[in-house]
Number of protein chains: 4
Amino acid sequence: MLTAVVVGAAGYVGGEVLRLLLGHPNVTVRAALSRTFAGHRVDGVHPNLRGATNLIFAPSDDIPASDVLFLATEHGRSAELLSRSPHIAQSAAIVIDLSADFRLTDEALHQGYYPKAQRPLEWATTFVPGWPERHREALRTANRISVPGCMAMAGMLALHPLAAADILEPDVIVDAKTGSSGSGATALEQNLHAERSGAMRVFAPHGHRHEAEMAQSTGLRVHMTATGVEAVRGVQVLCHARSREPIEARTLYRIYREAYGNEPFVRVVAQRQGRYRLPEPKILLGSNYCDVGFALDPEGHRLTLIAALDNLMKGGAGNGIQCLNVRMGWSERLGLEFQGLHP
Amino acid sequence: MLTAVVVGAAGYVGGEVLRLLLGHPNVTVRAALSRTFAGHRVDGVHPNLRGATNLIFAPSDDIPASDVLFLATEHGRSAELLSRSPHIAQSAAIVIDLSADFRLTDEALHQGYYPKAQRPLEWATTFVPGWPERHREALRTANRISVPGCMAMAGMLALHPLAAADILEPDVIVDAKTGSSGSGATALEQNLHAERSGAMRVFAPHGHRHEAEMAQSTGLRVHMTATGVEAVRGVQVLCHARSREPIEARTLYRIYREAYGNEPFVRVVAQRQGRYRLPEPKILLGSNYCDVGFALDPEGHRLTLIAALDNLMKGGAGNGIQCLNVRMGWSERLGLEFQGLHP
Amino acid sequence: MLTAVVVGAAGYVGGEVLRLLLGHPNVTVRAALSRTFAGHRVDGVHPNLRGATNLIFAPSDDIPASDVLFLATEHGRSAELLSRSPHIAQSAAIVIDLSADFRLTDEALHQGYYPKAQRPLEWATTFVPGWPERHREALRTANRISVPGCMAMAGMLALHPLAAADILEPDVIVDAKTGSSGSGATALEQNLHAERSGAMRVFAPHGHRHEAEMAQSTGLRVHMTATGVEAVRGVQVLCHARSREPIEARTLYRIYREAYGNEPFVRVVAQRQGRYRLPEPKILLGSNYCDVGFALDPEGHRLTLIAALDNLMKGGAGNGIQCLNVRMGWSERLGLEFQGLHP
Amino acid sequence: MLTAVVVGAAGYVGGEVLRLLLGHPNVTVRAALSRTFAGHRVDGVHPNLRGATNLIFAPSDDIPASDVLFLATEHGRSAELLSRSPHIAQSAAIVIDLSADFRLTDEALHQGYYPKAQRPLEWATTFVPGWPERHREALRTANRISVPGCMAMAGMLALHPLAAADILEPDVIVDAKTGSSGSGATALEQNLHAERSGAMRVFAPHGHRHEAEMAQSTGLRVHMTATGVEAVRGVQVLCHARSREPIEARTLYRIYREAYGNEPFVRVVAQRQGRYRLPEPKILLGSNYCDVGFALDPEGHRLTLIAALDNLMKGGAGNGIQCLNVRMGWSERLGLEFQGLHP
């Protein structure tokens, strides 16, 4: 059994990492760390884990050794922890970072988008992106993995196959919608149920940090808008793009099928009819799927690319587990079998 | 024009008092007080009031003189403010208290349910209940008015006509459901959208404070359970009662019609068919109605009495305005004309 | 008192027209017509109207005479009714059409977007757009008024001031979100609560009909995407536009203030901070406001224009009443005083 | 591999049976039958199953042979199908009926509550209740299993240990809340999102059919009220009971622990503190848990017993799979490992 430690385990992403690890046949959770909840029962904070664990949160000052370390921390804290724990940074442990600290390789870009999250320069390029569909080979031997942001992951899965095929004009508008769990578990007035319920809140009309990841990985100029809508989990991105030349739907479909036809967690969803003919997160909650689809205007120029996922799963914790599965040579679906619910 | 001051105006009940006063043809708002938001624009906290007011919150240390004073404060603070402001307590101003400080007249009962909210003993019985359907005459000359709790108001409107007619056995179970706005505007983890959304949370399986008001006013032994459900506004109570003797539906209907047939804000809703045949708050949000209905088992013994209201309206601010209208001899619907929405 | 008749009064827009007319001090409702619910009580279908009316739905075959006729009908039926009722078409009655039949003046455009909704050619250009902010003068004498579509109205209010100032490049992407009431009151599987709840459903990735109205009225090339999100009421549009030349936020603000500073129902909402710093429908439900705001990227080139409204109010029925108020020379806020709720 | 056939597979319970069987390591789905959707892809109706199956719905006239037959049909149809298919009734196949046709053994009781659902009298008592916690031994050899109703299952799990210990007075009031998926997948106006969203709809103030099951199995006199609240999945019951003699919380706790301490899918949740200290379905969606808890008034007389589950899981399909696991001697958690989500 592989041993695992989770830092930031009382947060929403950390709780999801815990849930998945506790259900994973090949992993044992050695410790769940939390600054705020040290000494409390894990299932007091994550009541869905009742019956699945008797773990108590441990303080996060001292990180015990383990085979794999999940960092589900705030931006800036992952780098800080690694700096303060050279034994971890230098050990053979696999580090799977769910924060943003090592997502952007270019330092200037990182500082522009995350001015407060400093990181050791020499580490900036040592993390392999936690993006199995694109970096599977590198992940098989990676000991440092940086899992993409939730909205970034959705956008990258929608954009990359077409960007790689050089089909798109470089300017793309990404319109992202997200549920409230993306705002984290800290009590803030704007996240109160009475304030957040029923919201359509454009919290980032320009310059959301996830656009930098999309741009970095696709070479496109991505302009992103992020809106909080009524949901706890779930992200949907609409990418408004243009093709360089007129294109047919079947060509798009072929490209996506070639990219994702064998992927365990990306489904191409672009049907002519039906209630759920395009991707939406409602049916993905708790699952590790990212559904990717598209629509094309009659002239074949304007593309609406759509991707949906559960921000805590394929947009975070689930994707991290998938990366671990790849890294260990296990079946990628191990511990990620939940299919999602309807209705 | 009557002048009004609102204390606790940045809260949800206080904001609703402000909204109603700003739309009231006979009242001018002199000041909106808030400890936390003093110096901030009112419409920054209550964005629905954009265009309706340019008021700035004033600190609540010093309460300016006015014709009517609304206290939308936490329990304990109304009594404290009145104690510290003898000029108010002794002035001719009408005081409409929306806190719980003067709802229970019996001191032992008050101390049992509100151990931390002390109050001057000599005032305990000087407040007329803000319950126009029952205390209309007393309210016409009252200078101290204590508005009932939201779930209490619903339960009392359902129970009182039958209790007064001595129809019910004394033990009644009241099952109350409420939205999240009843928990107030303070940032607490349990009220985060991600935690509160989709809840069916039995936060008071026994001994909720509103049961004391129902018991006090009806003479019944009320055992209340309170559950938070998915809603921002809205309260519904189900009173499980028994009749002393078998009773017919038409008798119940007649009693309610006699009690409420001429009331501007209580509607009897007990239909055989239809989507909305019994009271529910969905269609009452923003209105001052309390809908009251009932169902009877075939033996004519078991009664399910049902009442619904918007906790910030007939369950608080709106009821306070209605009391003011009664006190001033104005039409009771003044400033309370909103009919509610469908769908 | 002006007399009014409402056709399609059992639908959601029709019910809202009824509610507003019943609360309007200068109007009497003569009849509420419905094919499906003829013979049923109005407040059985619209339970919020209990206590406000005893009207019974009348069949819609024969439209009684009145001073003003509201057509809250399906697309195609308004034109059909007018064709079949020459006495109405020729009478002096004011006709306020809430369907799409006369929104597009160009016949080819109309046939392209509404292939099944035929209309008499000679009428196509006789309707004044029900858009008071732009066509107020024409509305003062108009006897045929065509109220814009809900998402179109929002987009037009956001785009028009900048389009009129020739600031924008012609290609604009409009990303619209809408609640479920926009789908109407007919029982369809995809609109079941279990299916529609929690949706982020891209039901029109291209070619939604409301884009034609926006294009017609602004001269821009509008490419619209429409997504159903979790809400009953409420529309929000995000217009992704570019300025021809770099522009400053204060210039944008000035243009919008000049356009809407004196408007009773359009508020400019573009703040640096705060929970509700940009428009969202949550605080507008039941009100006739359309909030319009914007954000600008640091280079001053990319504009995100945002508008929000209640689709049944400023996006339909409320706007129709405002048009009537303009037409009659009444205060525009008459019957539309509801300020919206927080929270 | 066991072969399975599902009748009524396009409904919500049937879809859930399919999902669970497709993920079950020991079962192969031979056919999914549906009158309405015969010829359509299963994942067109249940889009969460994309990638998990290529099945096409078959018509339900002719039921193919299989090792186990799930009947997820409307009340009355299970009995009808068995009557028309003597080869099934007489075969060795295991029949797991999720309808109400064989839940009530007493014929008069059945006819009273289900007047339209006739059944062969000789079968009425041949079904073992699908209630593993109580009938595990009988289930190990049962070939006819009748799964309880969703609200009944919750109530029975809360009531039975105390009823069996003869602790309760016989009259119990059960206040049940349920999400919209319990109303099924048929398009009815009252189930439209716009009508059902935000509901607190007392659809059965007296005489709900599930009360008969609770009464039958516990010997108590159960008076049940059912209210639809805002949720898609989820049932919560509050049982208002009285103890014959004063009782202590620790005694109650002990009784429940003895009853359920070794159960794989019943958790005792009755904590002094915490956000989720009593059972609620929010954290159970998709899982097969039923959480059972209680609260006691200070006098030790009044008990509020609380149970929560996912109506399509432990309240239906999941429970049916658990019964199959018991019947086959497999681990009861097989195919039911999903732990539920937080938040």
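## Chain C and its two neighbours

Between chain C and chain B there are 0 salt bridges (a salt bridge being a side-chain nitrogen of Lys or Arg within 4 Å of a carboxyl oxygen of Asp or Glu). This is a predicted model, in which local features need pLDDT of at least 70 and side-chain atom pairs count only at pLDDT 80 or more, while totals for chains, interfaces and linings use all residues. Residues are numbered from 1 along each chain as its sequence is written, chains are lettered from A and ligands numbered from 1 in the order in which they are written, and side-chain values use heavy atoms, with hydrogens and water left out.

| Chains | Residues in contact | Buried area |
|---|---|---|
| A and C | 45 residues from A, 45 residues from C | about 3,800 Å² |
| C and B | 32 residues from C, 32 residues from B | about 2,800 Å² |

Turning to chain A, the count with chain C is 8 salt bridges. In one salt bridge, the side chains of C:Glu280 and A:Arg201 meet at 2.5 Å, N to O. On the chain A side, 19 residues are nonpolar, 12 polar and 14 charged.

Now for the fold of chain C. An open sheet of 7 strands runs in the order S8-S9-S7-S10-S13-S12-S11, with mixed pairing (strands pair if DSSP finds at least two bridges between them; helices, H or I of at least four residues, and strands, E of at least two, are DSSP runs numbered from the N terminus). Strands S8 (200–204) and S11 (266–268) of chain C are the edges, each pairing on one side only. Strands S10 (235–242) and S13 (302–309) of chain C pair in the antiparallel sense over 8 bridges, with C:His240 opposite C:Thr304.

Helix H10 (residues 249–260) of chain C lies across S11, S12 and S13 of chain C, at about 165° to S12(C) (axes are lines fitted to C-alpha atoms, for helices over the stretch in contact, and angles run from 0 to 180 degrees between N-to-C directions).

Key. Contact = heavy atoms within 4.5 Å. Buried area = accessible area lost by both parts, 1.4 Å probe. Nonpolar A, V, L, I, M, F, W, Y, C, P; charged D, E, K, R; others polar.
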